[in-house]
Amino acid sequence: MISFNRVSKHYPNGTTAVDDLDLELPEGGITVLVGSSGCGKTTTLRMVNRMVEPSSGTISVGGRDVQRADAAELRRGIGYVIQQAGLFPHRTVLDNIATVPLLLGWGRRKARARAAELLELVGLPADAGKRYPHQLSGGQQQRVGVARALAADPPVLLMDEPFGAVDPVVRTQLQNELLRLQSELRKTVVFVTHDIDEAVRLGDRIAVFRTGGHLVQCAPPAELLADPADDFVAGFLGAERGLKLLSLSTLADVPQRPAPTEEAGPKGAGGRWRLVTSERGEPLGWRDTEGPQGDRAPLLPVRPLRDGDSLLTALDESIASPAGLVARVDADGVLTGVTDRELIHEHAGRRHAEAARTAAAANGTAADGTATDGTATPQDAGVTA
């Protein structure tokens, strides 16, 4: 666990970067720090490994006061990933990854063997180890940066806007890679971003900072989206926070029914639309059987979804689908059934209600806004909190 106890950072020019911060970051989870520029999120992260020294207060990692540790030793035990990777241009990829193990005295053979393992872990081919950073794409360089941070198997990983300099497609790939790695390694990750969608996707908890270094709210994504602490948090989350909440739920719990394939006959759930499949049972497209071309009508696109896809993706596909149906497939891409738009809407509503109840319970209020002990909240009594 990482703990901040009344931590502040003041600069000689009078700027307050972090103001009296009390925050606990759970072990083995991803805590995302978000906020506008100048809110203190990066300063907070950099105080963990003492790249920035606090003006007051105590920061502990695993129960150890970081200010009582040797700074160089502390940093070698904490992984650190920054935007644009920060790799050494004159060293090969393998030697870049082996940097910290070599500093810890592992020996060259052991350090390079560990580097080779990590290349595979972050999804890079073995021959990438012989290249230099300038020979890699931006996304590949970021993967190397993550591998280097993991080289000595640190319990804590600090990530300062690591994916901010790559294009949206690569960014999504890197986010997926981080989630995969975290499911295997369970590091305590502190992740800084200004992108609330990235925060919702990656974070187990999200800490929202206001300019001047004030922590406004720290909560799991669903709770944050369902019940922002104030207008500032609500504004930062954006007008589409209800849709963001749907991105946290998957299709797994939504029922499906037999698909209206051509083999199912002329009548069925799809009305005039039939889902054409390959010999293997893979969805190929929708056909309008009542159009002027009948069975020779061209196929309209279908985007089949799996149980792990989000309700937000399912809602989007149900709107795009001419039949109002989402084709569901298994891990091999074989059609298993369909789910209709109305059922997705119904489950989306349930998800919103569940999140609201959870948030209300966490804040000590019932879903109708009254306190759980039956008394009125200050807002109910007409008092401004």
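Author: **The mixed sheet and its surroundings**

An open sheet is built from 6 strands, in the order S6-S7-S8-S3-S9-S10, with mixed pairing. The edges are strand S6 (78-82) and strand S10 (214-219), and each pairs on one side only. On average, neighbouring strands here are turned by 15° against each other, direction ignored.

A few ground rules follow. This model is predicted: local features need pLDDT of at least 70, side-chain atom pairs count only at pLDDT 80 or more, and totals for chains, interfaces and linings use all residues. Residues are numbered from 1 along each chain as its sequence is written, and side-chain values use heavy atoms, with hydrogens and water left out. Helices (H or I, at least four residues) and strands (E, at least two) are DSSP runs, numbered from the N terminus. Two strands pair if DSSP finds at least two bridges between them.

Now the strand pairs. Strand S3 (residues 30-35) runs parallel to strand S9 (residues 205-210), over 5 bridges. Valine 34 has valine 208 in S9 as its bridge partner. S9 also pairs with S10, in the antiparallel sense and again over 5 bridges. There, alanine 207 has cysteine 218 in S10 as its bridge partner. S9 and S10 form a hairpin, with 3 residues between them. Glycine 212 sits in that turn and has a positive phi of about 100°. In a regular strand, side chains alternate between the two faces of the sheet.

Arginine 210 belongs to a charge-ring pair. Arginine 210 lies over the face of phenylalanine 232, at 4.7 Å from the ring centre. The rule: NZ of Lys or CZ of Arg is within 6 Å of the ring centre and within 35 degrees of the ring normal.

Contact means heavy atoms within 4.5 Å. Axes are lines fitted to C-alpha atoms, for helices over the stretch in contact, and angles run from 0 to 180 degrees between N-to-C directions.

H6 has a helix partner as well. H6 and helix H7 (residues 168-185) pack at an angle of about 20°, with axes 10 Å apart. H6 is therefore roughly parallel to H7. The cut-offs: under 35 degrees is roughly parallel, over 145 roughly antiparallel, 65 to 115 roughly perpendicular, and the rest oblique. The crossing of H6 and H7 is right-handed. A crossing is right-handed if the near helix is turned clockwise from the far one by less than a right angle, and left-handed if anticlockwise. H6 brings Gly139, Gln142, Arg143, Val146 and Leu150 to the contact. H7 brings Val170, Gln173, Leu174, Glu177, Leu181 and Leu185.

For context, there is another open sheet, with 4 strands in the order S2-S1-S4-S5 and antiparallel pairing. Strand S2 (16-25) and strand S5 (64-65) are the edges, each pairing on one side only. Strand S1 (residues 2-10) and S2 pair over 6 bridges. Valine 7 stands opposite leucine 21 in S2. Helix H1 (residues 41-48) packs on this sheet and touches S1, S2 and strand S4 (56-61).
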